[in-house]
There are 2 protein chains.
Amino acid sequence: MFTRADALALDADDPLAFARARFSLPVGLTYLDGNSLGALPRRTATRVGDTIAREWGQGLVGSWSEWFGWPAKLGAKIARLIGAGPDEVIVTDNTSVNVFKLAAAALSLRPERRVIVTEAGNFPTDLYMLRGLGSLTDIEVRAVAPAEIAGALDEHVALLWLTHTHYRTGAVHDMAALTAAAHAKGALAGWDLSHSAGAVAVDLKAAQADLATGCGYKYLNGGPGAPAYAYVAGRHHEALTQPLTGWIGHAAPFDFGDDYAPARGVARLLTGTPGVLGLAALASGLATFDGIDMPAAAAKSRALGDLFLDLAAEHCPALEPACPREGRGAQVSLRHPHAEPIMQALIARGVVGDVRPPDVLRFGFPALYTRYVDVWDGVEALAQVLESGEWQDSRFAQRRAVT
Amino acid sequence: MFTRADALALDADDPLAFARARFSLPVGLTYLDGNSLGALPRRTATRVGDTIAREWGQGLVGSWSEWFGWPAKLGAKIARLIGAGPDEVIVTDNTSVNVFKLAAAALSLRPERRVIVTEAGNFPTDLYMLRGLGSLTDIEVRAVAPAEIAGALDEHVALLWLTHTHYRTGAVHDMAALTAAAHAKGALAGWDLSHSAGAVAVDLKAAQADLATGCGYKYLNGGPGAPAYAYVAGRHHEALTQPLTGWIGHAAPFDFGDDYAPARGVARLLTGTPGVLGLAALASGLATFDGIDMPAAAAKSRALGDLFLDLAAEHCPALEPACPREGRGAQVSLRHPHAEPIMQALIARGVVGDVRPPDVLRFGFPALYTRYVDVWDGVEALAQVLESGEWQDSRFAQRRAVT
């Protein structure tokens with residue numbers, strides 16, 4: 001039987017254990033929700049403080065000569081984590097806005113086609129944004145069950161838009177196979193990598209993916225509401241257009257001309273003035289990946305999740321797995337009809353995960369700062385919450401507005 | 001003749017002089033570019049540092065219960081500065097993206113009309129975004145000279161979209177008159193307030209304006225790339241729709257439903273997860289207006305600008321005014337065929353303004369931290385740059401990429 005000592009032994013042997021020192025985590029808290037909001041890197045306060053006091057406070061408007069380069073510079077750093085070329089990624093806006101831009105870009109690259117295929121139950125903003133685009137221009141959004149995706153592709157489809165790792169179940173799509181299926185019908189394939197980048201192996205180039213976006217605030221540790229990024233395969237750069245033509249995506253913003261001319265490549269996905277403080281924090285978040293072997297990190301996250309599933313099967317028989325064992329991202333999902341009060345009781349015990357409706361308890365395992373002993377402590381607390389029935393206490397009965 | 005001692009006397013009598021202590025400005029620098037990037041409020045580093053270390057670092061994902069309220073809370077603070085109701089303004093995205101959303105909203109409020117009238121030579125992103133919207137849906141963007149605006153309004157016009165204070169000339173449109181002219185033809189009127197909010201008197205409600213947006217990083221002192229805000233008059237809230245339907249603008253984001261249902265009022269203009277660090281800095285920027293009488297601030301900015309124009313007329317005969325004397329925002333524009341090297345030479349002397357092509361030297365006078373003596377020092381340095389001819393030095397010959 002696996003014990004806490006065994007977990008500590010795994011930590012002692014973990015070649016990535018050193019990376020936890022790159023973060024500042026509350027003492028006594030077992031944080032298993034880095035898939036929702038990544039932990040605070042130790043250097044972020046100093047990094048952002050320098051941007052505020054020195055770059056803004058002293059350098060003032062002159063610092064823009066430095067800041068304007070950041071979206072491309074940070075894009076190049078993200079590129080390494082997702083198998084893209086350094087000039088194929090730009091940091092801009094949020095994931096939602098990027099979904100809109102990229103879907104519109106796909107339609108203009110396939111002007112004779114008016115269908116976008118996606119997954120029913122996809123992360124909501126992906127569905128909402130595709131349909132929002134449909135409110136302006138005549139398109140059909142086909143949202144189908146995962147098993148029906150390949151069958152929904154035909155010669156009318158401009159874009160297959162999927163989330164690589166599912167936010168609720170953690171299930172990971174086969175990016176290469178589905179991209180190939182889209183290409184076989186002449187469609188483009190685009191990917192929301194929000195729950196993948198920095199967590200699971202992603203190789204956009206090998207999969208020949210056309211488009212992608214993802215957020216900076218989960219596994220990339222960029223902080224709450226960190227800016228997102230957008231990827232477009234180099235082969236599409238010349239023909240790339242998108243409708244949110246802001247001045248920062250112009251070829252020469254400081255000419256202040258009346259007519260729009262797109263900047264080179266992915267820089268034309270920029271819209272308005274980028275939020276510099278968010279970029280500074282994202283830079284610090286991305287620096288936590290410096291020197292980290294991504295396949296090793298992904299393997300550690302999988303091992304942590306596997307251990308959580310094993311221990312939960314042993315100690316928490318009331319929970320049912322809501323995630324696949326194989327082909328799973330850096331998270332685990334377990335089902336219980338009273339997921340919400342159970343999670344609140346668990347948080348009261350100092351173990352943080354979250355809930356996704358209607359009945360899923362969700363736990364994330366970022367490789368850089370999650371320890372095997374955190375998994376052990378998390379499952380032990382969960383078992384105690386379930387066995388004691390303390391989750392039935394009235395203070396956990398109210399659903400929280402924000403989870 | 002007006003002397004430096006006179007300027008110091010005006011500062012000594014200035015009832016708003018106390019507000020300069022709310023900012024951290026470099027010693028020895030005369031900063032006259034707050035219309036491009038507002039100066040650093042003294043409390044911002046601490047405010048953002050607390051959001052990083054305590055709210056994010058310690059509170060982690062639980063702090064979202066607080067953060068989610070910020071876009072509306074900060075919107076209500078901006079509302080006071082622009083004559084809007086507290087529930088009519090939300091902080092979201094950047095100005096460019098908001099122009100797109102608001103223009104699309106206007107088209108859906110006037111579905112039988114397909115024309116947007118705007119000003120030729122408007123700030124570029126306004127023009128680019130309106131035409132970007134036109135790349136998705138069949139509309140006509142009529143960009144006309146200021147004198148032709150009223151004449152361009154007819155029964156086909158859905159929206160008159162103008163920038164209240166012109167970025168290059170500082171000329172201020174008559175918001176009430178032009179809004180009334182639009183309404184007389186059944187069109188809506190929308191305003192880009194980027195160079196107005198916090199600088200000149202704005203009363204959206206009195207003008208019966210329908211829509212507005214503006215940036216947070218100029219007179220609002222929110223920091224580089226601070227989030228922008230969007231205003232929609234309460235009478236349009238129920239019918240309001242916009243196409244960038246992100247999950248944060250949903251009525252119940254944490255239900256994670258497949259179908260979009262808009263949040264109440266202006267909250268439906270939210271798209272993806274808001275950038276919290278940018279919001280924290282904006283909160284600190286807006287706090288610099290606490291207790292400040294806006295008409296008094298606007299009057300001081302006008303007086304500073306008038307003094308700059310008077311002194312420049314006296315000491316810098318080579319410069320021609322490129323701004324109106326009356327109906328001018330909190331900035332001054334002066335024309336010279338060699339504006340770019342002159343500004344570079346001026347910056348080398350420690351006086352910061354900027355240049356707008358082809359030939360405009362631009363100076364801004366935020367009331368909260370600009371002193372009369374700064375105006376005197378700025379004009380004196382400018383006169384010396386012009387008289388000495390030092391701007392012809394080869395080190396000022398190269399045009400800067402970012403200005």
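Through which surface do the copies meet? Keep in mind that this is a predicted model, then colour by chain and pick out the interface residues. Of those in chain B, 100% are also interface residues in chain A, so the copies meet through the same surface.

Now superpose chain B on chain A. A rotation of 180° does it, with 0.0 Å of shift along the axis and an RMSD of 0.0 Å. The two copies are thus related as by a two-fold rotation axis.

Next stop, the inside. Select A:I82, A:L204, B:I82 and B:L204: they touch the most other members of the largest nonpolar core, which has 221 residues. Zoom in on A:L204 and show what surrounds it. Leaving aside residues up to four places away in sequence, A:L204 touches A:I82, A:G83 and A:A84, along with A:M175, A:L193, A:A209, A:A212 and A:Y231.

Move over to chain B and switch to cartoon. Look for an open sheet of four strands with antiparallel pairing, in the order β11-β12-β15-β14. Select 320-321 (β11) and 354-356 (β14) of chain B: these strands stand at the edges with a single partner strand each, so one side of each has no neighbour in the sheet.

Stay with β11(B). Two bridges join it to the antiparallel strand β12 of chain B, residues 331-335. Show B:E320 and you'll find B:R335 of β12(B) standing opposite.

Last, select residues 294-315 of chain B. That's helix α11, which lies across β12 and β15 (360-364) of chain B and runs at about 20° to β12(B).

How values were computed: Residues numbered from 1 in each chain as written. Chains lettered and ligands numbered in written order. Predicted model: local features only at pLDDT ≥ 70, side-chain atom pairs only at ≥ 80, totals over all residues. Heavy atoms only, no water. Least-squares fit on C-alpha atoms with pLDDT ≥ 70 in both. Contact = heavy atoms within 4.5 Å. Core = buried A, V, L, I, M, F, W, Y, C linked by side-chain atoms within 4.5 Å. Buried < 20%, exposed > 50% of the residue type's maximum accessible area, 1.4 Å probe, protein only. Pairing = 2+ DSSP bridges. Axes fitted to C-alpha atoms, helices over the stretch in contact; angles between N-to-C directions.
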